[in-house]
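Have the structure open as you read.

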Amino acid sequence: MLSSARSSPLIYYFLGGRSDPGLTSEWEVESPEPLPWRRRCKEQPGGGGCGSPNHADIVSCVGMFFLLGLVFEGTAEASIVFLTLQHSVAVPAAEEQATGSRSLYYYGVKDLATVFFYMLVAIIIHATIQEYVLDKINRRMQFTKAKQNKFNESGQFGVFYFFSCIWGTFILISENCLSDPTLIWRAHPHSMMTFQMKFFYISQLAYWFHAFPELYFQKTKKQDIPRQVVYIGLHLFHITGAYLLYLNHLGLLLLVLHYFVELLSHMCGLFYFSDEKYQKGISLWAIVFILGRLVTLIVSVVTVGFHLVGSQNQNPDAITGNVNVLAAKIAVLSSSCTIQAYITWNLITLWLQRWIEDSNIQVSCMKKKRSRSSKKRTENGVGVETSNRVDCPPKRKEKSS
């Protein structure tokens with residue numbers, strides 16, 4: 001009979017589904033090597049099953065159809081709608097006081113196609129970072145499954161926040177918003193955007209829209225889905241509001257502040273996962289978090305107040321970007337204040353829960369120490385009494401002579 005020697009599950013795992021060649025007999029026919037995508041699927045640590053590593057290949061194939069559409073004359077116009085920014089207007093040189101004309105942009109329905117294409121790009125980049133960076137670190141550090149999920153989340157958001165902060169700061173510097181802060185509420189023309197400003201908002205919308213299918217691709221737990229949906233929805237709501245109301249510079253400044261605080265939060269989490277001695281960094285993040293919320297509130301009130309009060313025309317016109325009405329003032333300010341209060345309240349409740357848990361742990365530890373000390377005292381006292389009674393033999397009476 002032919003032997004059916006099989007390797008252990010651990011060896012079978014590390015060999016990517018192949019049995020150990022040294023364990024097979026000379027009569028046994030080796031099974032063919034599995035396809036690369038199957039081997040990569042089994043190597044995902046604590047990951048989201050076999051669908052997780054394959055979705056990037058499928059999405060990249062879909063994106064290639066839009067790129068191939070540029071080759072043919074009949075489909076080139078449709079493909080350009082997905083690949084490039086739409087709704088541009090050429091501004092004369094005299095109006096911009098420059099040597100040549102340039103193109104400014106406004107929003108429109110065609111932006112949805114552009115957001116969809118760059119959402120596919122975001123999914124591919126997400127899978128690339130996961131496979132070639134985070135998974136390798138997970139294998140090396142040997143995290144538990146719970147820590148792997150937190151590490152992957154902090155790693156993905158950390159990369160996004162880092163590049164968004166650098167990109168947003170570059171736009172603010174290039175448009176002189178940091179040297180002249182009044183440009184934030186008196187940018188002219190207020191109903192137009194530069195190329196880099198519009199591309200930044202399109203990229204932001206594409207990233208946060210791609211987070212919804214990632215919940216399925218990463219096999220997120222059901223109890224974590226509501227928290228993620230609220231987190232993603234809040235970002236989409238405020239980014240879309242700033243984009244549609246032409247509060248581009250204000251939204252960009254607030255996003256840079258918000259992303260910097262979130263970047264510090266995820267960096268502290270990454271260091272804490274690598275070594276728990278970095279727990280002091282969490283207290284540093286809490287201080288920066290509170291300062292970030294205060295600065296965000298101040299900038300929102302000052303900027304929205306000056307931007308909306310500056311014009312005498314009280315007629316709303318969404319096409320020209322005029323939102324100088326009382327309803328718009330209340331909506332923008334209340335939205336900004338509400339989200340800051342919501343985030344701060346979540347942090348306070350988290351601190352209270354941890355404080356209560358720590359206090360309960362300390363109380364339980366004190367009770368255990370007291371019970372142990374009392375047991376030792378009673379045992380020592382009983383031992384002394386028994387030694388006086390049993391161990392010591394009774395003294396004999398001396399006979400009187």
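A contact here means heavy atoms within 4.5 Å. With that cut-off, I239 touches Y201, Q204, L205, W208, L255 and Y259, leaving out residues up to four places away in sequence. Keep in mind that this is a predicted model, where local features need pLDDT of at least 70 and side-chain atom pairs count only at pLDDT 80 or more, while totals for chains, interfaces and linings use all residues. Numbering starts from 1 along each chain as its sequence is written, and side-chain values use heavy atoms, without hydrogens and water.

I239 also belongs to the largest nonpolar core, which has 39 residues. Such a core is a set of buried Ala, Val, Leu, Ile, Met, Phe, Trp, Tyr and Cys residues joined through side-chain atoms within 4.5 Å; buried is under 20% relative accessible area, exposed over 50%, partly exposed in between (1.4 Å probe, protein chains only). Among the residues with the most contacts inside this core are Y161, W208 and Y259.

Helix 9 gives the most to this core, nine residues. Helices are DSSP runs (H or I, at least four residues), numbered from the N terminus. These are among the contributors of two or more residues:

| Helix | Residues |
|---|---|
| Helix 6 | 111-141 |
| Helix 7 | 145-174 |
| Helix 9 | 195-217 |
| Helix 10 | 225-244 |
| Helix 11 | 248-274 |
| Helix 12 | 280-309 |

A second, separate core has eight residues, including V261, W285, I339 and L347.

What about L67: buried or partly exposed? L67 lies in helix 3 and counts as partly exposed because its relative accessibility is 39%.
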